[in-house]
Amino acid sequence: MVPRILFRIAVVCVLVAATLTAGAWIGTAQGLDPGPGSLRFPVMLAVTAVPITVVGLLGCTGGFRLVLACVAWAVLSFGQLTIMMAASDAVLGERGRPVTATVTQLVGHDLSEADGDYLYRVADRQGRPLAGLLRTPHQHGIGSAVTVLVDPAGWAHPTEPSTYAEGTNGVTLLVLAGMFGGPATVLYVLSCLPADRRREDDRDGTGPAPWHQDAFNQVVRSA
């Protein structure tokens, strides 16, 4: 039988990886549009709620364990958001190419800032719509030509060269996944370690060992 600690580590690793993968998918042209009324952030909140809910079912009963789980949730949520914002540019960094497109529709205008971005639908020279939305600080008239970077497979949002994050590629996403997914995994695992009923006394022999020693003992016993 697989030890409980290994089972919980495997479950947490799968959930963290799935959460970050979902963030990358949401950020592509095949995911959710960033236009007005976008479901991006509600969906992301729902996705990040899954790991912390499962961790609670696995044994995160409160106290310091709950603090660890909440910190892990915050780290993972920020990581998912960062990966979502970098996903489209990462695809363009791998296989993007410049084309001349035609603006076909003004989808919206981000009014959260004084100089908010404009969101446009664009089409290629043959009039075929390009996947995703063009997000740009520049205002364009309907029917005007604009040079954009596009992914031939249609996974990236069209992006003007001047707004493309230079150097962003697949390696960038892997680095971000490790930067945020690693700490989140460790914190989630620590928050749901099986309770040790054979706690060792501390050095004075007067009380239970601290939580981190208990966690270390659990890992050693399961090895």
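Two residues are in contact when they have heavy atoms within 4.5 Å of each other. Keep that rule in mind as we walk through this protein, a predicted model in which local features need pLDDT of at least 70, side-chain atom pairs count only at pLDDT 80 or more, and totals for chains, interfaces and linings use all residues. Residues are numbered from 1 along each chain as its sequence is written, and side-chain values use heavy atoms, with hydrogens and water left out.

## The overall plan

Let's start with the big picture. The protein has five helices and four strands. Helices here are DSSP runs of H or I with at least four residues, strands are runs of E with at least two, and both are numbered from the N terminus. Read along the sequence, their order is α-α-α-β-β-β-β-α-α.

Of the 223 residues in the protein, 40% are buried. A residue is called buried under 20% relative accessible area, exposed over 50%, and partly exposed in between, using a 1.4 Å probe and protein chains only. Among contacts between residues at least 6 apart in sequence, 67% join residues at least 24 apart.

The predictor's confidence in each residue is called pLDDT and runs from 0 to 100. The protein averages 85, and 83% of the residues score at least 70. Confidence is highest in strand β4 (residues 145-150), at a mean of 96, and lowest in helix α5 (residues 211-222), at 51. Over residues 197-209 pLDDT stays under 50, and the model has 14 contacts beyond four places in sequence for this stretch. Where pLDDT is low, the predicted coordinates should not be read in detail.

## Two helices that cross

Two packed helices are described by the angle between their axes and the distance between the axes. Helix α2 (residues 40-58) and helix α3 (residues 64-95) have axes that come within 10 Å and cross at roughly 140°. These axes are lines fitted to C-alpha atoms over the stretch in contact, and angles run from 0 to 180 degrees between N-to-C directions. The crossing of α2 and α3 is right-handed; a crossing gets that name if the near helix is turned clockwise from the far one by less than a right angle, and left-handed if anticlockwise.

Which residues make the contact between α2 and α3? From α2 they include Phe41, Met44 and Leu45, and from α3 they include Trp73, Leu76 and Ser77. The residues of this contact divide into 13 nonpolar, three polar and one charged. In this grouping Ala, Val, Leu, Ile, Met, Phe, Trp, Tyr, Cys and Pro count as nonpolar, Asp, Glu, Lys and Arg as charged, and the others, Gly among them, as polar.

Ser77 of helix α3 is buried, because its relative accessibility is 16%. Ser77 and Phe180 are 103 residues apart in sequence, yet their C-alpha atoms are 8.9 Å apart in space.

## Aromatic pairs

A pair of aromatic rings is described by the distance of the centres and the angle of the planes. Rings of Phe, Tyr and Trp (its six-membered ring) pair if their centres lie within 6.5 Å; planes under 30 degrees apart count as stacked, over 60 as edge-to-face and the rest as tilted. The count comes to two aromatic pairs.

| Pair | Centre to centre | Angle between planes | Type |
|---|---|---|---|
| Phe78 and Phe180 | 5.5 Å | 65° | edge-to-face |
| Tyr118 and Tyr120 | 6.2 Å | 25° | stacked |

Phe78 lies in helix α3 and Phe180 in helix α4 (residues 170-191), so their pair ties together parts that are 102 residues apart in sequence. Phe180 is buried at 12% relative accessibility. Tyr118 is buried at 15%, and Tyr120 is buried at 1%.

## Around the loop between β4 and α4

Is Ala156 buried or exposed? Ala156, in the loop between β4 and α4, counts as buried because its relative accessibility is 3%. Leaving out residues up to four places away in sequence, Ala156 touches Ala29, Ser88, Val91, Leu92, Ala131 and Asp151. The C-alpha atoms of Ala156 and Thr28 are separated by 5.3 Å, although the two are 128 residues apart along the chain.

Ala165 is also found in the loop between β4 and α4, and with a relative accessible area of 32% Ala165 is partly exposed.

Arg95 of helix α3 is partly exposed at 43%.
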